[in-house]
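Please read these points with the model open beside you.

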Amino acid sequence: MQFHDSGYVSGDPRVQPAAGPARPVELPDRVDALIVGAGPAGMAAFAQLSQFPQVSTRLIERRPGRLEIGQADGLQARSIESFQAFGFAQRLVEEAYRIYSMAFWRPSPQEPTHIVRTGLVPDDPSGISEFPHLILNQARVLDYFAEFAAHSPGRAAPDYGVEFLGLEVTGDADHPVRVDVRHRTGPRQGERHSIRAKYVVGCDGARSRVREAIGRRLVGQDALHAWGVMDVLAETDFPDFRTKCAIQSHDGGNILLIPREGGYLTRFYVDLGEVPENGDHDVRSTSLETIVARAGRILHPYSLDVRDVPWWSVYEVGHRLTDRFDDVYERGREPRVFIAGDACHTHSAKAGQGMNVSIQDGWNIAWKLGLVLDGRARKSLLGTYSAERQVVAQNLITFDQEWSSLMATPAQNLPGPTYLEDFYVRTFEFPAGFMTRYEPSMLIAEPVYQSLAPGFPIGKRFRSAWVHRVSDTTPVQLGHHARADGRWRIYVFAGPHGEVGEPEKLGHQASFDLKVIYQQPFGEVDLRRVPAVFRPRGGPFRLTDWEKVHATGPEHDIFAEREISRDGAVVVVRPDQYVAHVLPLTAHDELRHFFDGIFL
């Protein structure tokens, strides 16, 4: 973390200097961006837009205050990488439960009514990320995003107790979206009024009114299978009670057991069996006592004494998706309203993807809105949101359908005795969040020069690696310096003799963050000879930033680890950490042409 550049900071350095127009206490009549819903997608979008203080952004939420108990709890490694950009990854890791392994239990061949452990597999067998797979209440994740927004230059805070009623896209050239709202709490309780917005992002859940207002429908089907889910404080002699488990019984159904943060709380997903295709959904009235009793039978011969249940629910698995994530119905029309998270895709909780994919939805649309509303990027940028995220959601549903089906299949009906654990290991990259690969577009270049850096696949997330900061020899993760500030990252991997091309042609500091990585050991790099663009001066005192120059070290060679050409390469990374381009050091015209299609 860098600070003191504008003078001595004696307080919390995470609190950024305030900037932009003062934020009105009351909801204004006009805003640039209005976000509906303070779930994972909405809070991620809100946090990102808070970094654009010149953009007026408000978030409305019908709840009277912060979420206290969230339904989602699984946080994949890709999400933790994202949290690093928002500055709270390390604190969240300390608070959360970390998944190192997953245990698989099935009926004993000798005594089928008893379950036995048949496998214990590592959660990340290949070390695909430096961050772990975590479990933490969704409410705490939202708290961290809210803190980030409050500490950002825009000093943003959600407007709780405000209910979305409807919207209309009008002919107003400046603020074309009229949104009708009602206050549910406070001195204005019951009052209705309208807000004019340039753009609206609907993150208001599976029963989204924003989705309904723009005429989109969730299309799909039920899997006709029900599950009871409960968070419990319990006593048991089951030996893997603090290990993530997939438990298959002979005839009592299945359990997905997930330990929670804090050392005592545990979540159970309990198989409640098939739901008749044309039934009246009586399964929704299943009692907590029934779920607890069923869990006890599945765990046999082990005991389960549930002492407290802070939260529980019953749900039927469903897989649904909208055909687009915006309000565009005719070719060439500019999108004005977007939907994200459960508003445009729903699925089961078994794969632990809901909160994670929703966060990426929110981040994806928010940095694009920020650059457009800030006057830096072309409006055509906004058309890439639906194109990119709809494919991701479809892939998620396809994966979840297979995983949910396997979880509900009796052990004796699976193709082999270790089929479930083999599937888990074989597909681990997907639930970890690393299968997303965006197709070529105005934001993703064709892989013409991919051979210069095979370890940074174009369209996939930038995979961090260890380097040494030359100024103080400190080993750092290269990707951890990037912040969710809306800037693009340009990493210049120098040639064999320190060649870096003409870096002064690569971009302006307000929109781009340039770094150089030398392939020589850090002790052999002379900072005095490093081009000035990698030692920029800023702030009122024009102080040098010494933290943009890196090199290899005795234990880490990023050139070898990420297969970067020894002739050098330029790797361009989007504000949401996805690799957009790989180029030779001298390809300035090609890079300029790429950005001409994005920036004004």
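**Notes on the model**

1. Asp174 forms a salt bridge with Lys198, with 4.0 Å between the closest N and O atoms; a salt bridge here is a side-chain nitrogen of Lys or Arg within 4 Å of a carboxyl oxygen of Asp or Glu. Asp174 sits in the loop between strand S9 (162-169) and strand S10 (177-183) and Lys198 in strand S11 (residues 192-202), so the pair ties together parts 24 residues apart in sequence. Strands are DSSP runs (E, at least two residues), and helices likewise (H or I, at least four), numbered from the N terminus.

2. This is a predicted model: local features need pLDDT of at least 70, side-chain atom pairs count only at pLDDT 80 or more, and totals for chains, interfaces and linings use all residues. Residues are numbered from 1 along each chain as its sequence is written, and side-chain values use heavy atoms, with hydrogens and water left out.

3. Asp576 and Arg574 meet in a salt bridge at 2.8 Å, N to O. Asp576 is buried at 2% relative accessibility, and Arg574 is buried at 1%. Buried means under 20% relative accessible area, exposed over 50%, and partly exposed in between (1.4 Å probe, protein chains only). Asp174, at 41%, is partly exposed.

4. Arg260 and Glu261 also form a salt bridge (3.1 Å, N to O). Arg260 is buried at 1% and Glu261 is buried at 16%.

5. Strands S3, S7 and S4 form an open antiparallel sheet in the order S3-S7-S4. Strand S3 (74-75) and strand S4 (97-99) are at the edges, each with a single partner strand, so one side of each has no neighbour in the sheet. Pairing requires at least two DSSP bridges between two strands.
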